[in-house]
Amino acid sequence: MKLSLFDLKDCYNNILNYLEEEDDTDMIEILDGIQDEIGVKCENIARLIQSIKGEVDVLDREAKRLQKKKKTRENKIKSLKNYVEVSMIMMDTKKIKTKYYDFSIQKNPPRLVVETEKYIPEKYFKLNRKLDKRNLLQDIKQDKINPKGVMVEQTESLRIRWFNA
């Protein structure tokens, strides 16, 4: 039985209901159940991808907005704590007790302040070794080196180009 155009569009739109689910099984079952030409199916899936990308962009902007709001709140907390600390220092007071809170100025754990590293012995330095994959790949491609345990892998992935209709 062939589905009408409305039913097909409805089937593809139903996939949007599964965006919040971690598991893609239900979404894949719906796609497998749609009896449609591969070109039409791919085009409708591309439209879904475009729609979801739009949502991702909106979520990204919202996340940035919330991060900015969070940072503002964190700065307010620092500012208020600094205000209380400066006030206590100016009043030469180390402790204040209220009905609900105790305020005290205490010593922090010692921390290291390094003005120059040239007199510090080598044993206190860590060496961060990192593989330069880009240059290694280039040298392997040019047959300059062929180390054991390393192989060049060529994979494929889907690219979708969007056309302006």
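Let me begin at the surface, where Tyr 83, Val 84, Tyr 100, Tyr 101 and Phe 103 form a nonpolar patch with about 610 Å² of accessible area together. A patch here is made of residues with over 30% relative accessible area and no salt bridge, where nonpolar side chains (Val, Leu, Ile, Met, Phe, Trp, Tyr) are joined within 5 Å and like charges within 9 Å. The accessible areas come from the Shrake-Rupley method with a 1.4 Å probe, and for residues only the protein chains shown count as cover.

Before going on, please keep in mind that this is a predicted model, in which local features need pLDDT of at least 70 and side-chain atom pairs count only at pLDDT 80 or more, while totals for chains, interfaces and linings use all residues. Residues are numbered from 1 along each chain as its sequence is written, and side-chain values use heavy atoms, with hydrogens and water left out.

Helices (H or I, at least four residues) and strands (E, at least two) are DSSP runs, numbered from the N terminus. Tyr 100 counts as exposed because its relative accessibility is 66%, given that exposed means over 50% relative accessible area, buried under 20%, and partly exposed in between (1.4 Å probe, protein chains only).

There is also a patch of negative charge on the surface, where Glu 21, Glu 22, Asp 23, Asp 24, Asp 26, Glu 29 and Asp 32 gather. For charges, Lys and Arg count as positive and Asp and Glu as negative, while His and the chain ends are not counted; the place of a charge is taken as NZ of Lys, CZ of Arg, CG of Asp or CD of Glu.

Now to helix α3, which covers residues 38-90: at 1.5 Å a residue its 53 residues should span 78 Å, and its end C-alpha atoms are 76 Å apart, which agrees. The expected span is 1.5 Å times one less than the number of residues. The buried residues of α3 are Lys 41, Asn 44, Ala 46, Leu 48 and Met 88.

How many salt bridges does the structure hold? There are four, a salt bridge being a side-chain nitrogen of Lys or Arg within 4 Å of a carboxyl oxygen of Asp or Glu. Among them, Arg 47 and Glu 43 meet at 2.8 Å, N to O, and, being four residues apart in helix α3, they are separated by about one helical turn. Asp 60 pairs with Lys 64, the closest N and O atoms being 3.5 Å apart; here Asp 60 counts as partly exposed, at 40% relative accessibility, whereas Lys 64 is exposed, at 54%. Lys 70 and Glu 74 meet at 3.9 Å, N to O, and these two are again four residues apart in α3. An α-helix has 3.6 residues a turn, so residues three or four places apart point the same way.

Finally, consider the backbone just after α3, where Asp 92 takes a positive phi of about 55°. Most residues other than glycine have a negative phi. Asp 92 is found in the loop between α3 and β1 and counts as exposed, at 71% relative accessibility. Asp 143, in the segment after α4 (133-141), likewise has a positive phi, near 55°, and is exposed, with a relative accessible area of 68%.
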